[in-house]
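These are my notebook entries on two protein chains and the contact between them. I record what I looked up, entry by entry.

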Amino acid sequence: MQILLPVLIIGGLGLIFGFGLAYASKKFEVKVDERVSRVREILPGANCAACGQTGCDAFAEAVVAGGAEVNGCPVGGAEVAEKVAKIMGKSSKKFEARVARVMCGGSSKKCRSKYSYSGIEDCAAAANLFGGPSACAYGCIGMGNCARACPFGAIVIEDGLAKVIATKCTGCTKCVAACPKKIIEMVPISNEYTVRCSSFDSGKVVRQNCDVGCIGCGRCVKVCPHNAIKMENNLAKIDPALCQNCGECAKVCPTKAIELFLCGVQNKESVAV
Amino acid sequence: MRELLSLMLGAILVENFVLAKFLGICPFLGVSKKLDTALGMSGAVIFVMTVASAFTWAVNNFILVRYELEYLQTIAFILVIAALVQFIETVLKKLAPSLYKSLGIYLPLITTNCAVLGVAILNVQRGYNFGEAVLYSFGAGLGFTLALVLFAGVRERLEHCDIPESLKGMPITLIAASLVSLAFFGFQGLFQ
């Protein structure tokens with residue numbers, strides 16, 4: 001009896017709790033659409049919120065509920081969009097991949113500094129001090145806020161200048177938000193020629209500060225056979241929708257005469273943009 | 001009334017479960033890295049501690065003592081606590097999905113937390129009645145919260161400090177925890 005009673009009691013308690021839990025799991029069942037978990041599984045899982053939702057879980061729910069487009073995940077790209085479309089039974093729209101590009105060529109070798117900075121290695125913090133240690137107030141500060149924000153390790157800092165590794169960039173746009181100078185832009189991946197400068201200073205000032213800045217001479221605008229370049233406030237800008245990557249602008253840009261580094265144009269073979 | 005107050009304050013300050021009794025150190029060190037996770041964990045612990053001690057008190061007094069099975073306390077309490085936490089998780093998932101999202105993941109973590117079992121056993125050892133038991137457990141939960149939140153603050157500060165290479169990570173965390181614990185010993189003798 002001495003052994004039987006405790007066995008019965010503990011066993012009985014266990015049974016009661018077991019039944020209670022089973023009942024609770026039935027009564028308090030939360031109906032989850034199994035498509036949500038299937039969609040969630042395909043998603044990259046970076047939780048970068050580039051889709052506009054609060055994370056991959058939220059995006060999966062939104063897609064199944066019908067609020068989000070099946071091709072809404074830029075990180076997953078066309079592959080994920082197709083798979084999601086298949087689960088949802090819809091057809092996905094055409095997907096145009098975009099990569100981030102740093103609109104500045106002013107590395108520490110090319111651009112002068114205003115002052116020597118000693119403080120927290122944070123671009124936003126440095127930008128509060130007269131626009132940053134770089135002589136050009138519009139240029140890249142190079143302390144790596146963008147590199148730290150990138151969940152895919154696609155940005156490196158070389159000589160105080162941020163560079164996007166296009167093969168790693170998934171177009172999540174986190175770097176765009178992280179840059180305090182707002183000089184990172186999203187360009188279509190097919191666009192090869194970009195004016196690598198964000199300075200609205202006059203040509204003289206730009207020349208003083210940086211060897212590879214856009215001085216607003218306008219030669220590129222004149223020579224472009226597709227009228228893809230516009231000059232605004234001493235800064236040339238190439239419209240990727242019109243640009244056909246012919247490279248005529250690169251040939252005439254004058255600031256390349258001072259350095260071998262080309263102003264406004266990337267080497268076609270280079271991976272970093 | 002005064003006794004109940006001193007009971008609660010005792011549980012929070014003098015006999016802080018984490019810093020004076022060294023119970024529940026695992027979540028203390030694991031979840032205190034950021035303030036918001038610390039708060040989420042603490043909320044879950046307060047809730048589970050209070051409800052679990054109520055249930056275990058009932059099981060102890062109406063079943064175990066009645067049949068002279070006090071030696072089964074550990075097993076019975078663990079059974080009750082585990083089932084209770086599972087039940088709470090199920091109910092929470094259905095009735096309060098946003099709350100479940102914020103602290104639902106911590107619930108399995110505290111199922112076998114020694115602090116929860118500790119408070120249940122302490123209630124029995126000290127012979128508290130039902131009201132005292134619940135109040136003491138609530139106070140214990142609050143004390144856990146206090147320790148966790150304080151330590152989260154300490155750890156967030158530690159992130160910006162210059163720590164020697166050999167002490168980085170767990171060693172400096174443990175040293176900091178022991179210093180906080182030492183500080184709490186200053187509360188000894190608060191209630192004479």
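This is a predicted model: local features need pLDDT of at least 70, side-chain atom pairs count only at pLDDT 80 or more; totals for chains, interfaces and linings use all residues.

Entry 1, a salt bridge in chain A. I looked up A:E185 and found it partly exposed, at 30% relative accessibility; buried means under 20% relative accessible area, exposed over 50%, and partly exposed in between, with a 1.4 Å probe and protein chains only. A:E185 forms a salt bridge with A:K237, and the closest N and O atoms are 3.2 Å apart. I applied the rule that a side-chain nitrogen of Lys or Arg lies within 4 Å of a carboxyl oxygen of Asp or Glu. This pair links distant parts of the chain: A:E185 belongs to strand 4 (residues 184-188) of chain A and A:K237 to strand 6 (residues 235-238) of chain A, 52 residues apart. Helices (H or I, at least four residues) and strands (E, at least two) are DSSP runs, numbered from the N terminus.

Residues are numbered from 1 along each chain as its sequence is written, chains are lettered from A and ligands numbered from 1 in the order in which they are written, and side-chain values use heavy atoms, with hydrogens and water left out.

I searched the whole structure and found 7 salt bridges over all chains. One of them joins the side chains of A:K163 and A:E158 at 3.5 Å, N to O. A:E158 is partly exposed, with a relative accessible area of 40%. In chain B, B:K21 forms a salt bridge with B:E15, the closest N and O atoms being 3.8 Å apart. I found B:K21 partly exposed at 26% and B:E15 partly exposed at 23%. B:E15, B:K21 and B:R126 are linked in a network of salt bridges.

I counted 8 helices and 0 strands in chain B. Buried residues make up 46% of its 192 residues. Among contacts in chain B (heavy atoms within 4.5 Å) between residues at least 6 apart in sequence, 76% join residues at least 24 apart.

How many residues does each chain give to the contact? Chain B gives 19 residues and chain A gives 15 residues. The two chains bury about 1,400 Å² between them, 88% of it on carbon and sulfur atoms; this is the accessible area (1.4 Å probe) that two parts lose on being put together, summed over both. B:L79, B:T90 and B:K94 supply 29% of the area that chain B buries against chain A, more than any other three residues. On the side of chain B that touches chain A, helix 3 (35-64) and helix 4 (73-95) of chain B are the elements that give two or more residues. Helix 4 of chain B gives the most, with 12 residues.

B:T90 lies in helix 4 of chain B and is buried, with a relative accessible area of 16%.
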